[in-house]
Amino acid sequence: MSLLDCTRVTATVGGKEIILETGRLARQAAGAIWIQCEGTVCFTTVCETPLDTPKDFFPLTVEYVEKMYAAGRIPGNFFRREIGRPSDNETLISRLIDRPIRPLFPKGYGNEVQVLAQVLSVDGKNMPDVQCITAASAALCVSHIPFDGPIAGARLGRVNGEFVINPTIQELEESDLDLVFAASETAVVMVEGEAKFVPENVIIEALEWGHKAIQPLIAAQRELAEKAGKAKVPFTPKEDDEALYAHVEKLALDAGMAEALRVVDKLERKDARKKVKDTVKEAMRNDPAYADNEEAMGEVGVILEHLEKKIVRQRILKEGTRIDNRDTKTVRPIEIETSVLPRTHGSIIFARGETKALVVTTLGASSDELRTDGINSGDEVKQFMLHYNFPPFSVGEVKSLRVSRREIGHGHLAERALKAIIPSQSEFPFTVRVVSETVESNGSSSMAAVCGGCLSLMDAGVPIKTPIAGVAMGLIKENDEYLVLTDILGDEDALGDMDFKIAGSADGITAVQMDIKINGLPTDVMARAMAQAKEARLHILNIMLTALPSYRKELSQYAPQYAQLTVNPDTIRMIIGPGGKNIKAITGATGATIDIDDSGEISIFAPTSEAMEKAKEMVLYYDQNAELGKNYTAKVRRILEIGAIVELLPNVEALVHISQLDVNRVEKTEDIAHLGEDMLVKVIEINGDKIRASRKAVLLEEQGIEWNPEDTARPPKRERGNREQRGDRHDRKPRRDREPRD
């Protein structure tokens, strides 16, 4: 067999051929897939290693890496190589790959698994992220690792009312929908994306249409696994010790586990559960049958988690009552406080139940825009950005401060939700940054960032298009019964089967994110969740608008001041100065940020109104026009036989004729005018771009002699007389004969 032999299958999706092949590269990996759509190529591998000490969670890591050579570019950093820390975009796509495949590994599987997706080539049309979702599934399907796949990933757009599967980058610019989803043969398992106020029913319709469109990719993976797949390693989950489970559950119920799970306050409930757990462990230690059984003692925590899940879910299904005594559709109490920070541009405290966010909006100049370097779009500039922080104190924990993947993902979701309402740069030229500080958390903190972010924008005076709110929906599934929960708590997220975040206005959706822990979600259940979320969203919007009915009409006094000037394009070089000398002097003296366009449009952002006026004055100094009859202190720039050229203003020169240099007759220009010296002159004539000035007029005024404008007339040309006066040239005396030249 050749070293380059491979097994290849193809599928046609949206009129484009997608190639899946294995066996040519990375043969020592457990599974490796080359996926190609036209000029975009991704390569995904999967490897695993057994762990000597099993962990209490599934150790799956997913890494997505963009190689700059894929776009024919050299990295722009100092090292000229892809450095170790992933970009935000790489982190977000890593999460996109991770979320749909993680629930499909068998429960209890403990080997460490790594999925590595790399982009090898991009054509500027077909985006690689959704290809990597499919490739990750295919790599797991051909590997020996147990995996309940395949699934396929795709992107949905809507251009001119028509759905498009895997739209190109150019088509996305015209689309009002950008949804990335993953689906199995029977159901959708993950959704994330943004929309421009698209109704709920359109999104459901799009997902149904897209699910059918990607079925060829599912079939291609099955075909590839049949042709080149490895035999799956048998995995049998550890059987539960029924006697141990029954004993621990009885001890926990006797210790008050059911009552502990009815405690409304999160921290009090946490303490009550811990007390039950300690009581159970103490009873186990005192039981001769389990006192020396370390394995049994280690199972106590897992058994209690299963019991908590069962108690909470059964209570919701049978009684319709949740942990905090709400029904399935009620939103937690909301409290809002505006303008809480005195020196920020906009600030809000948004509290929903035990989740609370301090959200701050900052306005900046165009130089504050975020510049990113990606393989798809190259250098990209963002006028609006949202950052989400989740410090450990928000849940009463002690951890190191770092920006986690979760924080990047939640911030991106909230940014997508609010991006649709940010005014264009021509309407609002400021760079806008929103920071959501989660100060208390008990579920739905990312949606608190959406609601608080919208209010903080309004508090800062950003002229948003319409208010936006968000809510997180949950799900309890038992057999064929589905129960949708509105505004889920942290415990309901952990014990439930779905986390479906939906944000939008009263008219439509702007962002969605759905993760499920079951093998798929029927679209009718998804439609029910979205309809229930809309009811909650309208309720939240009403409370938000009661607290702050509209965006503030005036910016904070501490916000940057903005002004736009139009100058003669010819003066731009003067404003900038040699080596940027003049513009640096202006910014240094005022603290302003100045953006200059070649057309003559100048944008000025200054920290205060005083600094703004000074910056405008310094800029306009270089764009002045001379005024007739006005005196100027001019600098002599050139000495001519007929007079002197003086600079009245930057880039504005005038001629002082020799007859206008002094009240007395001047024989030579140099007698009065000296190069580089100042001269007080009056503008006496403006003829288009030609200007004449007079020192004589100023001197006469200083002597108290009224200046006569007629004195400024150009000296008349010397009269030569007519032919009769001059005599005919032929009548003149002939010149003396000259000796001929050699």
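The mean pLDDT of the chain, the predictor's confidence in each residue on a scale from 0 to 100, is 91, and 94% of the residues score at least 70. Over residues 713-738 the pLDDT is below 50. Beyond near neighbours in sequence, this stretch has seven contacts in the model, a contact meaning heavy atoms within 4.5 Å. The model is predicted: local features need pLDDT of at least 70, side-chain atom pairs count only at pLDDT 80 or more, and totals for chains, interfaces and linings use all residues. Residues are numbered from 1 along each chain as its sequence is written, and side-chain values use heavy atoms, with hydrogens and water left out.

A cavity is a set of points, on a 1 Å grid over the protein atoms alone, where a 1.4 Å probe fits but cannot get out; lining residues have an atom within 4 Å of a point. Grid points are joined across faces, edges and corners, and a volume is the space filled by probe spheres set on the points. Two cavities of 30 Å³ or more are counted.

The largest cavity holds about 120 Å³ of space. Its lining consists of 14 residues, with Ile-18, Met-127, Val-130, Gln-131 and Asn-166 nearest the centre. Two or more lining residues come from each of β2 (16-22), β3 (31-37), α2 (129-142) and β7 (152-159); these elements are DSSP runs numbered from the N terminus, helices being H or I of at least four residues and strands E of at least two. The most is given by α2, with three residues. By class, seven of the lining residues are nonpolar, five polar and two charged. Here Ala, Val, Leu, Ile, Met, Phe, Trp, Tyr, Cys and Pro count as nonpolar, Asp, Glu, Lys and Arg as charged, and the others, Gly among them, as polar.

The second largest cavity holds about 40 Å³. Its lining includes Glu-21, Arg-24, Trp-34 and Phe-43. Both β2 and β3 give two or more residues to this lining, and β3 gives the most, with three.

Turning to the cores, a nonpolar core is a set of buried Ala, Val, Leu, Ile, Met, Phe, Trp, Tyr and Cys residues joined through side-chain atoms within 4.5 Å; buried means under 20% relative accessible area, with a 1.4 Å probe and protein chains only. In the largest core, of 164 residues, Ile-97 and Phe-500 touch the most other members. Not counting residues up to four places away in sequence, Ile-97 touches Val-62, Tyr-64, Ala-117, Cys-132, Ile-133 and Ala-136. Another core, of 20 residues, lies apart from the largest one and includes Tyr-632, Leu-661, Val-683 and Ile-691.

Note on methods. On a 1 Å grid over the protein atoms alone, a cavity is a set of points where a 1.4 Å probe fits but cannot get out, and a pocket is an open set with protein on both sides within 12 Å along at least five of seven lines; lining residues have an atom within 4 Å of a point. Buried means under 20% relative accessible area, exposed over 50%, partly exposed in between (1.4 Å probe, protein chains only).
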